[in-house]
Amino acid sequence: MQEQIIDNEKILSVCRFFNIEGELTETKIFTDGHINSTYYAEFLQNGETKKYLVQNINIHVFKNQEILMENIVSVSKFLIEKIAQTGGDPKREALNFLKTKDGKYYFAKDDCCWRIYDFIDRAYTYNLIDNKDVFESAGRSFGRFQCLLNEYPSESLKETIPDFHNTPKRIEALKNAAKEDKVNRLEKVDAELKFALSRKDRAKIALDLLESGKIPLRVTHNDTKINNILFDEETKKGICIIDLDTIMPGLSLYDFGDAIRSGASTALEDEKDLSKVSVSLELYESYTKGYLSCCADALTKAEVEHLAYGAWLMTFECGVRFLTDYLDGDNYFKTNYPEHNLVRAKNQFAMVSDIERKMDKMNEITLRLYEEALKNK
Ligand code: ADP
Ligand code: GN1
Ligand code: MG
């Protein structure tokens, strides 16, 4: 969390609309996410401190907030019930949304759309992981999350961002952005564009597997970036999966892959020194171990055989999206400086190259851990 100027009046008026009473005693801003604007708000209510997470939803990214909130409130209620049934603590392990005065889960005003949930205290997130045990715990958290969602009625979910992980379409969008070259940046991305376009056949494999019925459609999170897990300060274990905005039908490869993209990298997503960027096989192994210990028996063999490919795909796709946004004039991802998206794209492509070098080893590790996980069941 960083100190920044926050419009406390605005936060307060939003909170009042969600029936939050008492004195606003503290606010902070979270700067980790690339999409929404997220604030912490603390209130004193009858001598008691109450903590909330206030979020301004990015309405340019999530165009239909009604269906967005329907999806995530319904999934959260489902998870709360499951967690309670299995002896967990739904107050710390799931998101608990507040209702507005008019009974909705969001408040739209002046081109802004707000939601509030209970703040999960004594928890933290990682942007970079350098510890095997932490990442194994992350694997267990996402593995468990996926298993819980296996029973969620997928037909009730609406697509919050159409074609979110349709990588071939992402490549088309990149080509269009290059053609339009709106902000005259094309000449700066020659190498990256070639890198992306030369891999377009490989980027089709996941959807081909789905189309031919070799891998199933599941309910997936679709944004399993490592800072979307809250870790418990006391137990150091992953407790809650957050940022549910993109829960939609998808592939297990996406969720596995994005966790590896963000968590098994030896550098931050926007590290400029590309010699620091690589995929750590040690971290890959620990995540895969944790993940498969929870859901090996729920996966098909074809899925398992393509998990490492999923890591390649998600890293590649993310690079393509950063590059597209750079060419488009930085309209989608939050940036801190003009070249930020290009730095991110180069970084992701460096990781893609390293995954390509290590793909055989990653597959070997996955299959070995899969056999072990099945034996231990
Ligand atoms: P974005 O879509 O912008 O990534 P997130 O929903 O991931 O937004 O929230 C941004 C950050 O806010 C998270 O990385 C986490 O640090 C913090 N956060 C979100 N929800 C909670 C919560 N319920 N309790 C505590 N911290 C939270
Ligand atoms: C965004 O919201 P956040 O920061 O968790 C993006 C992901 C990207 C990620 C790259 C809705 O995730 O798809 O992989 O940035 N989320 C959306 O860091 O586009
Ligand atoms: Mg997030």
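Rings of Phe, Tyr and Trp (its six-membered ring) are taken as paired if their centres lie within 6.5 Å, planes under 30 degrees apart being counted as stacked, over 60 as edge-to-face and the rest as tilted. On this basis, a search of the whole structure returned 21 aromatic pairs. The structure is a predicted model, in which local features need pLDDT of at least 70 and side-chain atom pairs count only at pLDDT 80 or more, while totals for chains, interfaces and linings use all residues. Residues are numbered from 1 along each chain as its sequence is written, chains are lettered from A and ligands numbered from 1 in the order in which they are written, and side-chain values use heavy atoms, with hydrogens and water left out.

Two of the aromatic pairs are described here. In one of them, the ring centres of Phe256 and Tyr287 are 5.7 Å apart and the ring planes lie at 65°, so the pair is edge-to-face. Phe256 belongs to helix H8 (residues 252-263) and Tyr287 to helix H9 (residues 281-295), so this pair ties together parts that are 31 residues apart in sequence. Helices (H or I, at least four residues) and strands (E, at least two) are DSSP runs, numbered from the N terminus. Both Phe256 and Tyr287 are buried; the term denotes under 20% relative accessible area, with exposed meaning over 50% and partly exposed in between (1.4 Å probe, protein chains only). In another pair, the rings of Tyr309 and Trp312 have centres 5.8 Å apart and planes at 20°, so the arrangement is stacked. Tyr309 and Trp312 are three residues apart in helix H11 (residues 307-328), a separation of about one helical turn. Tyr309 is buried, as is Trp312. Ring pairs also link Phe135, Phe256, Tyr284, Tyr287 and Tyr291 into a cluster.

Helix packing was examined next. Axes are lines fitted to C-alpha atoms, for helices over the stretch in contact, and angles run from 0 to 180 degrees between N-to-C directions. Angles under 35 degrees count as roughly parallel, over 145 as roughly antiparallel, 65 to 115 as roughly perpendicular and the rest as oblique. The axes of helix H5 (residues 167-180) and H11 come within 9 Å and cross at roughly 25°; H5 and H11 are therefore roughly parallel to each other. Their crossing is left-handed, a term applied if the near helix is turned anticlockwise from the far one by less than a right angle, with right-handed used if clockwise. The contact (heavy atoms within 4.5 Å) involves Thr167, Arg170, Ile171, Ala173, Leu174, Ala177 and Ala178 of H5, together with Leu313, Phe316, Glu317, Val320, Arg321, Leu323, Thr324 and Leu327 of H11. By class, the contact of H5 with H11 has 10 nonpolar, two polar and three charged residues, where Ala, Val, Leu, Ile, Met, Phe, Trp, Tyr, Cys and Pro count as nonpolar, Asp, Glu, Lys and Arg as charged, and the others, Gly among them, as polar.

For H2 and helix H4 (residues 132-150), the axes come within 10 Å and cross at roughly 105°, and the two helices are therefore roughly perpendicular to each other. H2 contributes Val75, Phe78, Leu79, Lys82 and Ile83 to the contact, and H4 contributes Arg144, Phe145, Leu148 and Leu149. The residues in the contact of H2 with H4 comprise seven nonpolar, no polar and two charged.

Helix H6 (residues 190-197) packs against helix H12 (residues 340-376) at an angle of about 45°, with the axes 11 Å apart, which makes H6 oblique to H12. The crossing of H6 and H12 is left-handed. Glu192, Phe195 and Ala196 of H6 meet Leu342, Lys346, Phe349, Val352 and Ser353 of H12 in this contact. Five nonpolar, one polar and two charged residues make up the contact of H6 with H12.

Several loop residues were also characterised. Gly88 is located in the loop between helix H2 (65-85) and helix H3 (90-93) and is partly exposed, with a relative accessible area of 27%. Apart from neighbours within four places in sequence, Gly88 is in contact with Ile83 and Glu93. The C-alpha atoms of Gly88 and Ile239 are separated by 9.7 Å, the two residues being 151 residues apart along the chain.

Most residues other than glycine have a negative phi. Asp243, by contrast, has a positive phi, near 60°. Asp243 lies in the loop between strand S9 (238-241) and strand S10 (248-250) and, at 23% relative accessibility, counts as partly exposed. Asp330 has a positive phi near 60° and is placed in the loop between H11 and H12. At 19% relative accessibility, Asp330 counts as buried.
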